Amino acid sequence: MGANDAANIFGTAVGSKMVSFARAAIIASIFVIIGAAIQGGGTTETLGSLGLIDELAGSFTVALAAGFTVFVMTKYGLPVSTTQAIVGAIIGWNLFAGRETDAAVLSKIVTTWISGPLLGAAFSALLFLLMRYVLRKMKIHMILLDSYIRWGLIAVGAFGAYSLGANNVANVIGVFVGHAPNIILDFGIFELGGTEILFLAGGVSIALGILTYSRKIIQTIGKGIMDISSEAAIVVVLAQSLVLFIFSSTTLSNVLISIGLPPIPLVPVSSSQVVVGAIIGIGLVKGIQEVRIKMLAEILVGWILTPIFAGLLSFFGLFFVQNVFNQEVFTPLVQSPGKEITSEGSKIAEVIDPQHVNLVWWVAGIGFILLMVLAIWLIIRQNKLKLIAQNELLEQQNEHYVTQKALMESDLKTMRLENVSMAKRLEFRRKELMNMALNIVEQKNYLEELAEQLKDIQKTEDKKEKNKKIDHLLKNMKLKMSFDDKVENFNLEIEKLHKGFSRKLEEEYPKLTETEKRFATFLRLGFSSKEIAPLLNVSIKSVETYRYRLRKKLNISKGENLIRFIQNL
Amino acid sequence: MAIFSKSNKVIELLEKFIDSIDQGSIVFKKGVDNYLYGNIQAFENNILTLSKLESDADLLGKDIENRLYKHSLMPQLRGDMLRLLEELDDIIDIMKTNLYQFEVEVPNIPGELNQDLSKLTEMSVATVEALIPAARAFFRSPETVKDQLHRVYFYETEADKLAAAIKRKVFREMPDLKLSEKFHLRYFTLHIEQVSDASKKAADLLSVMAIKRAF
């Protein structure tokens with residue numbers, strides 16, 4: 001029954017993916033137990049008056065027949081009614097035991113088979129129209145409305161589960177009420193009598209059915225009959241919950257009596273029928289084309305077959321239990337002369353004081369243990385979550401590190417390439433300067449040659465020869481004028497190329513003269529003493545002196561190489 | 001309320017997204033006019049603004065998608081909604097590409113075509129301006145969407161007519177233009193017309209979604 005009827009409460013919600021199956025199952029289980037325990041009495045009394053099963057074996061067989069019927073129908077994916085199954089099974093017992101079925105009660109129950117879905121259709125149509133009017137008026141944003149509906153489905157589902165427990169628990173334990181244990185369980189703050197224990201057990205068994213076997217049938221309700229929007233889902237569940245609540249509320253019935261209206265029949269209502277009625281109600285408002293008639297027909301056939309199948313199964317089951325297992329499934333009727341026919345079981349029972357069981361300490365102990373288990377579970381879960389979060393953080397950091405490393409490697413690669421490029425350019429420029437220097441040296445040598453020539457001219461006595469030589473010399477001197485420009489350009493190029501080095505020398509060694517700084521630059525460029533001498537316009541020996549002075553001023557120790565020191569600056 | 005903060009945040013992002021598209025259409029219109037009438041500095045500013053709006057729209061769209069999936073919002077209509085956002089994003093993408101094409105290809109537009117092209121741009125942008133309120137209405141009152149979409153179709157048809165007239169004018173009434181220039185103008189007319197086509201496509205999708213959402 002839990003498997004079958006929970007789908008009626010949350011089937012549309014889960015089918016439209018507004019609520020997950022797990023959440024729906026847990027909420028439904030909790031509230032069905034509460035509804036069964038608090039409000040299950042009214043409908044149980046009605047079912048008891050249909051057929052009072054006076055032997056435990058008979059109750060068991062009837063319940064088994066009804067349950068098996070529902071199980072088979074559920075297996076084939078048809079949302080059948082447990083009420084019809086149990087009614088059929090009870091009638092089967094009545095037939096087997098030769099008891100008369102109370103026609104008034106039966107007609108009252110059968111009437112709900114018709115009025116239940118009709119009422120469901122009426123409620124759902126009205127609620128649907130109301131909801132549509134309100135939504136169109138309020139113009140709530142679609143996304144916010146989705147959240148409202150999600151929570152609405154959960155709230156309405158909880159109410160529906162409560163109503164289901166209150167209304168339908170009679171289907172589960174109604175036949176056992178006559179055999180309720182004569183016991184009172186004292187929990188300190190409240191007590192549970194035998195009947196309440198039975199209702200609680202019934203609620204728990206429904207909850208177990210919800211948790212274990214309802215997933216498949218949910219799909220049928222949600223998708224099988226018509227495509228349900230999430231707004232329509234709320235309307236369907238609310239309509240169904242209201243109908244079930246009305247047919248199980250003794251308070252409401254008493255209120256009606258007090259104002260002079262006829263009482264509400266407290267009858268177990270088929271929640272499946274009500275849901276179908278509710279969906280059809282919406283279908284009528286929106287247009288009947290949306291209802292899948294074929295599926296509807298299959299459900300109707302299931303409803304007809306269920307009580308017949310349950311009745312037959314109950315009848316033959318009772319026969320089997322009585323004749324094979326030799327169990328009394330009913331108490332034979334006894335007729336005393338001049339008196340009414342009664343069953344043996346209806347003799348006035350001796351009033352026996354119920355057994356009082358104090359469970360306060362048991363409940364406290366179990367409660368404490370559960371709390372401890374919960375606390376431990378929470379701590380473990382918290383630690384696990386913390387560990388997961390730490391792992392995630394570490395992974396992120398690792399990813400970040402890897403990215404950083406890749407970036408740095410890329411930067412490094414770029415820098416290396418740049419360095420290579422710069423080195424090449426530097427080398428090129430150095431070579432250029434070398435060429436310039438060599439040019440200068442060459443010209444210096446040429447000048448020396450020229451001086452020699454002048455001396456030679458001086459020594460020449462022949463005037464003609466002398467003039468000839470002077471002309472030749474003049475030509476050479478004109479060449480020399482471009483030499484000075486070359487040196488000037490050369491020095492400018494040096495300055496441009498090694499600006500940074502010059503600046504550094506000035507900052508760290510301010511006592512160096514201009515010539516010494518220039519000398520240091522030439523050394524950095526890799527010029528030899530022979531090449532530097534003409535550039536500075538000094539002798540090679542002077543260059544060695546410059547070298548010595550530079551070492552002193554740069555505070556270079558004896559073993560250290562001057563050129564390497566300068567290059568590392 | 002805190003429990004609805006996720007939904008409210010997505011609504012906020014959605015409003016910003018639609019605002020970006022709306023603003024983009026205004027900037028696009030101004031950009032084309034500035035190009036046509038030689039206001040190059042203003043035109044370049046329009047490109048930068050539209051580029052930023054398009055980039056913002058992309059980021060907002062991605063953020064909305066992430067949040068819808070992350071928080072399992074709107075499981076039934078999520079797919080449709082994301083498709084709508086994609087169609088709207090296409091509109092601003094086309095507008096940005098168009099302006100960049102003006103900037104890169106520097107089409108030579110004869111003065112007598114300025115008014116026609118400006119009018120064509122106005123028609124194309126009008127489709128977007130009619131689409132935006134319909135898109136906003138979809139989220140709050142889907143039953144009113146259909147009433148607003150007819151303007152989109154009207155302006156789109158007008159834009160098509162105007163584009164055809166411009167092309168006819170270029171090829172038949174401007175013998176001084178080279179064939180290459182005529183082709184160039186033809187393509188720019190097409191580019192501007194594509195904005196209205198994209199709006200129409202979005203309107204078609206919106207129309208179907210509004211019917212599905214009808215309650």
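**Exercise 1.** Among contacts in chain A between residues at least 6 apart in sequence, what percentage join residues at least 24 apart?

*Solution.* The model is a predicted one.
- Step 1: take the contacts in chain A between residues at least 6 apart in sequence; 81% of them join residues at least 24 apart.
- Step 2: Chain A has 569 residues, of which 36% count as buried; chain B has 215 residues, of which 38% count as buried.

**Exercise 2.** State how many helices and strands each chain has.

*Solution.* 
- Step 1: in chain A there are 20 helices and five strands.
- Step 2: in chain B there are six helices and zero strands.
- Step 3: read from the N terminus, chain B therefore gives α-α-α-α-α-α, with elements taken as DSSP runs numbered in that direction.

**Exercise 3.** Repeat the length check for helix 6 of chain B and locate its bend.

*Solution.* 
- Step 1: helix 6 of chain B (residues 179-213) has 35 residues, for which 51 Å is expected at 1.5 Å a residue.
- Step 2: from first C-alpha to last, the helix reaches 51 Å, close to expectation.
- Step 3: the helix bends by about 25 degrees at B:Glu193.

**Exercise 4.** Describe the open sheet of chain A and explain which strands stand at its edges.

*Solution.* 
- Step 1: three strands lie in the order 2-1-5, with mixed pairing.
- Step 2: strand 2 (191-192) and strand 5 (355-358) of chain A each have a single partner strand, so they stand at the edges and one side of each lacks a neighbour in the sheet.
- Step 3: strand 1 (residues 183-186) and strand 5 of chain A are parallel and share four bridges. A:Ile183 has A:Gln355 of strand 5 as its bridge partner.

**Exercise 5.** Characterise the side of chain A that touches chain B.

*Solution.* 
- Step 1: the contact involves 16 residues of chain A and 14 residues of chain B.
- Step 2: helix 6 (103-138), helix 7 (142-173) and helix 10 (230-246) of chain A each supply at least two residues of this side.
- Step 3: helix 7 of chain A gives the largest share, five residues.
- Step 4: by type, the residues on the chain A side are five nonpolar, five polar and six charged.

Notes: Residues numbered from 1 in each chain as written. Chains lettered and ligands numbered in written order. Predicted model: local features only at pLDDT ≥ 70, side-chain atom pairs only at ≥ 80, totals over all residues. Buried ≥ 20, exposed ≤ 12 C-beta atoms within 10 Å, placed from the backbone. Contact = placed C-beta atoms within 7 Å. Nonpolar A, V, L, I, M, F, W, Y, C, P; charged D, E, K, R; others polar. Expected span 1.5 Å × (residues − 1). Bend = angle between axes of the 7 residues up to and from the residue. Pairing = 2+ DSSP bridges.
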